[in-house]
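Please look over the sequence and the model shown here. The paragraphs below go through confidence, sheets, helices and contacts in turn.

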Amino acid sequence: MEASLLRLICSKISSRTRFFNLTLCNETVQQISRCSSTFNQTQSEKFRTAFRTEINDPRHHTLDHVGLYYQIPQEEVNGVLKTTIKESDMRLMKTFNEYCLMVRKPALELNGYIKNFNLNHPVPRFLLYGLKGAGKTCIMQYTMQHFHRENWIILHVPWAGRWVRGWYKEVSESSYKPGRYDTPTDGAEWLELFKTQNQGKLKNLKTTSEYIWTKREKAEIGTPLEEIINFGQTRIKFSSDCAGVILKELRKQAPLLGLKVLVAVGAVNAFYVQWDMLNALKNSEKKRLQPGEISLIHNFKKMLSPTWTHGVAVCTADVFANSELTRENYTPLYVLKQEGFEALDPFVPILVPEYTDKEALSNINYFIDHNWIQNDHGKTDEGKKEIIFVSNHNPLSLHKICSSL
Amino acid sequence: MAALRQYSPIVNDIHRTFLTSLSAIQFRHLRSSTGHRQTERNERELNDSDSFRVYEIEGLRKSKEEKKTRRVAPKPFAPRYRSMPVDQDWTNVWPSAATFKWATVPFPVRQGYIKSSAENEGVIPAKYGNLELMKGPNFLHLTPAHIKKHCAALKKFCTPWPEGLETDGKCRHHFPVESITSDYVFAAPSIRDERARFVTIKFYLSDLELDYHARDKFIRLVGTRYNKDTDEVTFESGRCPLKAQNLDFLKFVLTALYFESWKYESWEKLKELSDMERYFWDLNASRKKCTSLLRTIKSLDDSSESNSDKLNYLPPDVSDDEALCSLPEVNKYKVAIEEIFNEGENIDTINQYKNAVKTLLNINSDVV
Amino acid sequence: MASNIPWMTRLVRMNCFAKQRIYPIAISIFQDGNLTLNHVVQQQRTYDVKNDSTDHGENFSISPPKIENKPTTKTITISRAMKAYMERAKSHDNMMKAEVADYEIGKRHLANIMGEDPDNFTQADVDRAIEYLLPSGLFDKKARPLLKNPYEIFPKRKVAQFSLDGRPLHWLYFTALPNFYSILHDITCKMEDLKALEDKLLSENKTEDLNVPPLNLASSEWLTYQQLKDKFVEKVQEKDYQHFLVMMERLVSHPLSHRELPFIMAFRNMLTNESLDTNPPQIEYDAEGRSFSCAEGTRKDSWAYVKLYMPGTGKVTINGKDLSYFTNFLYRESLLFPLSLAGVIGQVDIEAEAMYGGPTGHCGAIRLAVSRALCAFVDKDVKEKLRLTGMLTRDPRKRERKKPGQEGARKKFTWKKR
């Protein structure tokens, strides 16, 4: 088996065509990658070093690795990064049969801030902002992977815009506090995500106060958090409350148990700016709900205020979670509006720029290596320049353009 | 007969003279217009034969020979341009604006679209009776010679530019208020025009002596009449029937606004945060949040054993808000956030804010 | 009249109606010349004068009719058709003389009105003066007022094709296209001559005369159908024109065709080098010493002004935004085209201002302006490449107007039977 695989690796690049790779199962690919490391003398390996790094642990990345791709293991893709990767990216990665991410400077900067931060201080807020498709979410993924490996607990909202909109979403008034509204499906979904992303980190966590759901159902002091999650998933009516309980317990216990918590919220502006389009969530009286009236958002907002310690909040500002008429700019105040800005203030804004020439070339080379760019002109230096010009250094545009080459 | 024939020319002559005068008299009072014609015919008959004439009763017998002679139209005068000298003074020929006249314009200009050689024999229509030329505007009254004459005539009304007003800056210094009025001249029995009453005055706000409060109040009072980009205030009035009245009114408005701006009314104390013209960090919740955050950090720092990563710039006593806010780190943060709100977001202001927050909370990275 | 010559035949070159053509007309002048003949001579003089003033060269000669030069005692009668023709020609000539006189005086008047020197008042000055005095915004420039030499305004007339006695001058008169067919005849004759010459050379073994390089006619092209019709003043059919082309091509393909080069070139238009004709923008330097060039471009309703810095870093600014001004990749690609053609991607900075119209017009206008501005920096070959790919040509397509009675430019209202 191994010998035949080695032959495959040593043969021409055509062995890496997507058609071939599609037929391989993931397990086989991992074997291939393991084997390939011993054969780094071959021509294709030399070529690969231009855009690839062997160091696959984000904790060891330095400025030298900026613009290079590293591989993410399968279990992390299905674990901590589950549902964080965009569907189209996921398709691409499945086609390539490997999960690769580019190391970028703002990501290193952000991880540096978090590493150096004194966790005894109240939570700092970091806001990633930038143009559409510049890679804000990818940088958040990188940070999540990095701190997942350092055993942090991850509280992740992939895209908060989902929580304020939906045509057929069930909305019920909270049993805990009138005037607040639960979205049971969203709550259950988030609980599931939380569970997958923090497998093996929640074993020792138990509640520190009593929670009464109904007359008959309650959680005693010392109930494991996993049980709360399971309860929320089976009785999704209480899923939002369960999520609130988990967040509250984490806030409370983090300093006591020395936990480290990473709050990662995508499109945090949805927490503060009302979604006023037709598919906004409405209560039974057909009144549009303010973001703060939705229990999940109310609970998560607490995680973003500097009232607790041993945690870090990383958010992205996505103007596409705002109404269509207010999408001209991407700067923090414009996207968050005054309310959101004042709620997060003081925060560290981190600009996610578009690709530099080096990064764009690295991306194109990666695509060429995976035969994603098959046009012969696209493989020449002139062709690469043209692709970069038309994409205007924007990662998303670059992906779109290359998909047809 | 032969003798008669021999003298026939003489006889004929006599006859002719006699008969002509006779018939002329005879017919003139009957029908003056045909008299001449009749005479001619008789004459012809006399020439043709020596027979006696036959009295013809008009209208009794229709003569085939009789034809209606067409009245010959008088030959038109040669057009004016034919008699023009080549070195004439054009301004006398065409003194004022007028429609194109083919006979006066001395050059053979043509106009008209010819679709093919079948149309007008393929020739572009000449100026004679050419409506296209008459319809279009012309500048025959505004040739260089005309303009020279106009300028010469207007020159006696001109005065030299006053000394000391050479530059725009000097003009603005000496005449800070600029008033704009319009006069309308047209051909009508009335010399009045409704539009002439409008008066516009313009001045720069910085030319007025105002303090911060008065300036703010002035801007709020004038509303959209103040242009923030150019610092210019524009008032326009047409509410009074006369120009002078409107000008007086605007002067009054300016004076009243000026003094009103300096007043501080009791209700102005009720101004809330949302009424503010700018973002003031000191009045906003941000300051309170910031000081409480710093106090929390201080208490946490005090309680922790390790000495690393503490906010070292904080004084031992953090109970006083004023003292906290006067710290350079906090002040830098204050300036940054005020700039973001007041001057708008751009790479500079955002980076300034980022650096301020980093120093405020002691956030550092190896990679910058 | 020279009385010692019993009769004489004169060939008169008439060139009054056809600006660039000379038509032969034979006029026999009899010994007992009467008034009519005198008139003919006089007419001939005036034509000669005009011939001098308006002759622009580039004529082709048509073989003159062969009139036998032997004495005869027979009186030549002038046919009625010829008489009528001469009367018409005379009146036309007089009218033209009057028109020209009017034009010359009018020009002096115009110069006087505009306060300029009448002696040095050119046609360009006339056009400018008319544009100032009688401004017109009519779309078609042909519909605007003008003042031109009458010879440019009155269409040319064909000169009589028959002599005084009514006999046709041209031996091919009854083909209805004498000029055209005589040229075809010439081509055939020349072809036969060349063939004979070729045989002769071959027989004499003078191969070096035969092995001359083929004619290079790349810098010219055949006269168009319309031009040919104008040249002959005859109603040549389209199929005849094709026939003519076939024969000419055959002549050109002959190895000795270079011997007939002047004849061939009489039927060809010289091509001008477009990119060399247009004056390219000049290189300028800004305060920091950076070299740049400016150019304007238009497409549809849009207008663009581009400042192109070279060398640069590939920065593009369009109306204050970067290339993301165009959301559609197609527009960005079309902007890329001239840069990629010149091989300067990433080496120039573009600052563009675009107005009016939509994104398609904007990108087209900017592309044209960029190509023009590039001409200042690139060498001749690249310039030629740009021209050949149409980068320097303004796209002439415009929005078509809506027509009354229908829904749009072409679309009709829905037709319902009832």
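Two strands pair if DSSP finds at least two bridges between them. Helices (H or I, at least four residues) and strands (E, at least two) are themselves DSSP runs, numbered from the N terminus. This is a predicted model, in which local features need pLDDT of at least 70 and side-chain atom pairs count only at pLDDT 80 or more, while totals for chains, interfaces and linings use all residues. Residues are numbered from 1 along each chain as its sequence is written, and chains are lettered from A and ligands numbered from 1 in the order in which they are written.

With pairing defined, chain C shows an open sheet of 5 strands, ordered β5-β6-β7-β9-β8, and its pairing is mixed. Strands of a sheet pair through backbone hydrogen bonds, either parallel or antiparallel. At the edges of this sheet stand β5 (284–285) and β8 (316–318) of chain C, each of which pairs on one side only. Strand β8(C) runs parallel to β9 (residues 349–355) of chain C, and 3 bridges join the two. C:V316 lies opposite C:I350 in β9(C). Helix α12 (residues 359–374) of chain C packs on the sheet and touches β6 (291–299), β7 (302–309), β8 and β9 of chain C. Two residues are in contact if their C-beta atoms, placed from the backbone, lie within 7 Å. The direction of α12 of chain C makes about 140 degrees with that of β6(C). For such values, axes are lines fitted to C-alpha atoms, for helices over the stretch in contact, and angles run from 0 to 180 degrees between N-to-C directions.

Chain C as a whole has 13 helices and 9 strands. Of its 418 residues, 22% are buried. A residue is buried if 20 or more other C-beta atoms lie within 10 Å of its own, exposed if 12 or fewer, and partly exposed in between, with C-beta atoms placed from the backbone. Among contacts in chain C with a separation of 6 or more, 69% are between residues 24 or more positions apart.

How far can the coordinates be trusted? The predictor's confidence in each residue is the pLDDT, from 0 to 100. Chain C averages a pLDDT of 81, and 80% of the residues score at least 70. Over residues 1–68 of chain C, pLDDT stays under 50, although the model has 91 contacts beyond four places in sequence for this stretch. In chain A the mean pLDDT is 83, with 88% of the residues at 70 or more. Residues 1–43 of chain A have a pLDDT below 50, and this stretch has 33 contacts in the model beyond near neighbours in sequence. Where pLDDT is low, the predicted coordinates should not be read in detail. For the complex, the predictor gives an ipTM of 0.83 and a pTM of 0.67.

Chain A also has an open sheet of 5 strands, here in the order β4-β9-β10-β3-β11 and with parallel pairing. The edge positions belong to β4 (153–157) and β11 of chain A; each has a single partner strand, so one side of each is left without a neighbour in the sheet. From one strand to the next, the twist averages 20 degrees. Within this chain, β3 (residues 125–129) and β10 (residues 311–317) of chain A run parallel and are joined by 5 bridges. A:L127 stands opposite A:C315 in β10(A).

Two packed helices are described by the angle between their axes and the distance between the axes. For α9 (residues 184–197) and α10 (residues 225–234) of chain A, the axes come within 9 Å and cross at roughly 145 degrees. The contact involves A:G187, A:A188, A:L191, A:E192, A:F194 and A:K195 of α9(A), together with A:I229, A:G232 and A:Q233 of α10(A).

Chain B contains 12 helices and 4 strands, and 12% of its 368 residues count as buried. Contacts in chain B between residues at least 6 apart in sequence join residues at least 24 apart in 50% of cases. One residue to look at is B:P144, which is in helix α5 (residues 144–154) of chain B. B:P144 counts as partly exposed because it has 14 C-beta neighbours inside 10 Å. Leaving aside neighbours within four places in sequence, B:P144 is in contact with C:M114 and C:G115.
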